[in-house]
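I opened my notebook to look up charged side chains that pair up. Here is the structure I worked from.

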Amino acid sequence: MNSITPLHEKISEVVTANGDAFNAIVHIALDTSEQLFALNMNALRSYKAGIAVPKSGNLLEQLTAQSGSPARSLELASDYLRNFSGICIKSQVEIGQITVERSNELAEAIGALLDTMAKSGPTGSVEAVEQIKSTLSSATEAYERMINASAEIAERSLAAADDAVQPMIAAASTTEKKVMKKAA
């Protein structure tokens, strides 16, 4: 019965740590949901503010008021997507950090358990345990690199997309100014 008690304690520790990690992930998800809701509400308010139609004036003024400024619309869409992506990337990184930390803790716990088993095991157990621990360490390091690389790729993709949109916003703004000059 004595040998079962430490195992029971270890299992309890793992369950508690997993519960804590899950709780942290739930908080990140709720925070992300709140941020995305606020972003969407602000986008709707901006859209609503931009569609006020004048009761009088010529047809061009009415159409311009209804469609909003094309350059401004493109700029708002770009800002929205940048903010949306930024929120999602931040959440991805935070959840990735939690999973990496949890994986490292589990790898350490498994390593300690394997060390205990190797001491009471047959000859050659220590070498086998060291190989298993080395493989486990390599796997957790690879997972951590994968999480970091995916966050970096997402951030670079967002920056590249933002850079690609800026010339379109500038071109739309220039075209809009020319049209407004001709209309005036």
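I first wrote down a cut-off: partly exposed means between buried, under 20% relative accessible area, and exposed, over 50%. K133 has 24% relative accessibility, so I filed K133 as partly exposed. I also noted that the model is predicted.

Next I searched the whole structure for salt bridges. The search found six. I remembered the general idea that side chains of opposite charge can pair when their charged atoms come close.

I looked at K133 again. K133 forms a salt bridge with D115, and their closest N and O atoms are 3.0 Å apart. D115 sits in helix 3 and K133 in helix 4 (residues 125–183), so this pair ties together parts that are 18 residues apart in sequence. D115 is partly exposed, at 26% relative accessible area.

Then I turned to R102. R102 makes a salt bridge with E105, with 2.7 Å between the closest N and O atoms. Both residues lie in helix 3 (residues 70–119), three residues apart, which is about one turn of the helix. Is R102 buried or exposed? R102 is buried, with a relative accessible area of 12%. E105 is partly exposed, at 43%.

My last pair was R156 and E152. Their side chains meet in a salt bridge at 2.7 Å, N to O. Both lie in helix 4, four residues apart, about one turn of the helix. R156 counts as exposed at 58% relative accessibility, while E152 counts as partly exposed at 38%.

I closed with a network. Salt bridges with shared partners join D115, E130 and K133 into one network.

Technical notes:
Residues are numbered from 1 along each chain as its sequence is written. This is a predicted model: local features need pLDDT of at least 70, side-chain atom pairs count only at pLDDT 80 or more; totals for chains, interfaces and linings use all residues. Side-chain values use heavy atoms; hydrogens and water are left out. A salt bridge is a side-chain nitrogen of Lys or Arg within 4 Å of a carboxyl oxygen of Asp or Glu. Helices (H or I, at least four residues) and strands (E, at least two) are DSSP runs, numbered from the N terminus. Buried means under 20% relative accessible area, exposed over 50%, partly exposed in between (1.4 Å probe, protein chains only).
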